[in-house]
Amino acid sequence: MHRHFDRTEIAAAFVAGDWRQILFKEFEATLTSDARRFPCVFGVAGLKANQLRFAFPDPLTPETLAPLLKVYLAKARSYGPNTSLVAFGRPGPVQCLEAYKAKFWDLLKGLAAIDNHPWPADIPEALDTPGWEFSFAGEPIFVVCNTPAHVHRQSRRSTGFMMTFQPRWVFDNILGSEVAAERAYQMVRERLAAYDLLPPSPALGRYGEPENREFAQYFLGDDNERARCPFHSLTPKKEQAA
């Protein structure tokens, strides 16, 4: 089904027991738990305000993701300041973390390959730079991956393979001032420390700072080892030149 849904539409779209209903209800319960507060305060606010959108591409491939992402990005600003697109993959046998990591980066590379928009002029194409961010349809996007193989890092765990696409402008709006940014980062870190079974990842940083690398935050491992850059660039022409 090549469309995305808001929080209120999923119950009517899928029968009880359908894998899409099950995964969404798990996600909803995780983000709305009062007993165990989810670390991403922006995602929680977005869900409660019905600003998140949900998609269930099956199979989950660049070709099924691309039209969903394109339509979402065209309408995203109308959904609210805390919007994201959450894409769920159909559950299957649990794989190792490295297999999910490879799948994640293959999906992003595939999306970049079929994107018919030019890469944003103000975003570097090389991943290992402080200003890089994944971009699609001309829009910079922060991407997060959750998998069934995450155990210690519970904030990145889900029953199925899951990707969250958050437009860069969402952060720009929320973190508009230094005081607001510092308060938000501190709150997230405090919640992560209580939520996960290991300390917050050293890869977590603020966009644009010299030592920060966005790619390292997209797919966090189940430990705090330093992430290696998966590609020089996601764009074929850049990859060939590297």
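Student: What do E4 and E5 form, and how many residues sit between them?
Tutor: In this predicted model, E4 and E5 form a hairpin with 2 residues between them. Ala137, in the turn, has a positive phi of about 55 degrees.

Student: In which sense do E4 and E5 pair, and over how many bridges?
Tutor: The pairing is antiparallel, over 3 bridges, with E4 covering residues 134-136. Phe136 has Glu139 of E5 as its bridge partner.

Student: And what about E5 and E6?
Tutor: E5 also pairs with strand E6, residues 162-167, in the antiparallel sense, this time over 6 bridges. Asn146 has Met162 of E6 as its bridge partner.

Student: How many residues of E5 are buried?
Tutor: The count is 8 of 8, for a strand that runs over residues 139-146.

Student: Which residues are on each side of E5?
Tutor: One side has Glu139, Ile141, Val143 and Cys145, and the other has Pro140, Phe142, Val144 and Asn146. Both faces are covered. In a regular strand, side chains alternate between the two faces of the sheet.

Student: Switching to helices. Why is H3 described as largely enclosed by the rest of the structure?
Tutor: Because 6 of the 8 residues of H3, which spans residues 41-48, are buried. Those are Val41, Phe42, Gly43, Val44, Gly46 and Leu47.

Student: What do they pack against?
Tutor: The buried residues of H3 pack against helices H2, H6 and H7 and against strands E2 and E6.

Student: Which residue just after H3 takes a positive phi?
Tutor: Asn50 does, with a phi of about 55 degrees.

Student: You mentioned H7. Where does Arg189 lie?
Tutor: Arg189 lies in helix H7, residues 178-195. Arg189 is partly exposed, at 34% relative accessibility.

Student: What is Arg189 in contact with, apart from its neighbours within four places in sequence?
Tutor: Pro200, Ser201 and Leu204. As for Cys40, its C-alpha is 9.3 Å from that of Arg189, while the two are 149 residues apart in sequence.

Student: New topic: how many salt bridges are there?
Tutor: The count comes to 8. One of them joins the side chains of Arg7 and Glu28, at 2.7 Å from N to O. That pair links distant parts of the chain, with Arg7 in the loop between E1 and H1 and Glu28 in helix H2, 21 residues apart.

Student: Is Arg7 buried or partly exposed?
Tutor: Partly exposed, with a relative accessible area of 25%.

Student: What does Arg90 form a salt bridge with?
Tutor: Asp58, with the closest N and O atoms 2.9 Å apart. Arg90 is in the loop between E3 and H5 and Asp58 in the loop between E2 and H4, so the pair ties together parts that are 32 residues apart in sequence. Arg90 is partly exposed at 48%, and Asp58 is partly exposed at 35%.

Student: And which residue does Asp172 form a salt bridge with?
Tutor: Arg168, with the closest N and O atoms 3.9 Å apart. Both are in helix H6, 4 residues apart, which means they are separated by about one helical turn. An α-helix has 3.6 residues a turn, so residues three or four places apart point the same way.

Student: Which residues are linked with them in a network of salt bridges?
Tutor: Glu133 and Glu214 are linked with Arg168 and Asp172 in a network of salt bridges.

Note on methods:
Residues are numbered from 1 along each chain as its sequence is written. This is a predicted model: local features need pLDDT of at least 70, side-chain atom pairs count only at pLDDT 80 or more; totals for chains, interfaces and linings use all residues. Side-chain values use heavy atoms; hydrogens and water are left out. Buried means under 20% relative accessible area, exposed over 50%, partly exposed in between (1.4 Å probe, protein chains only). Contact means heavy atoms within 4.5 Å. Two strands pair if DSSP finds at least two bridges between them. A salt bridge is a side-chain nitrogen of Lys or Arg within 4 Å of a carboxyl oxygen of Asp or Glu.
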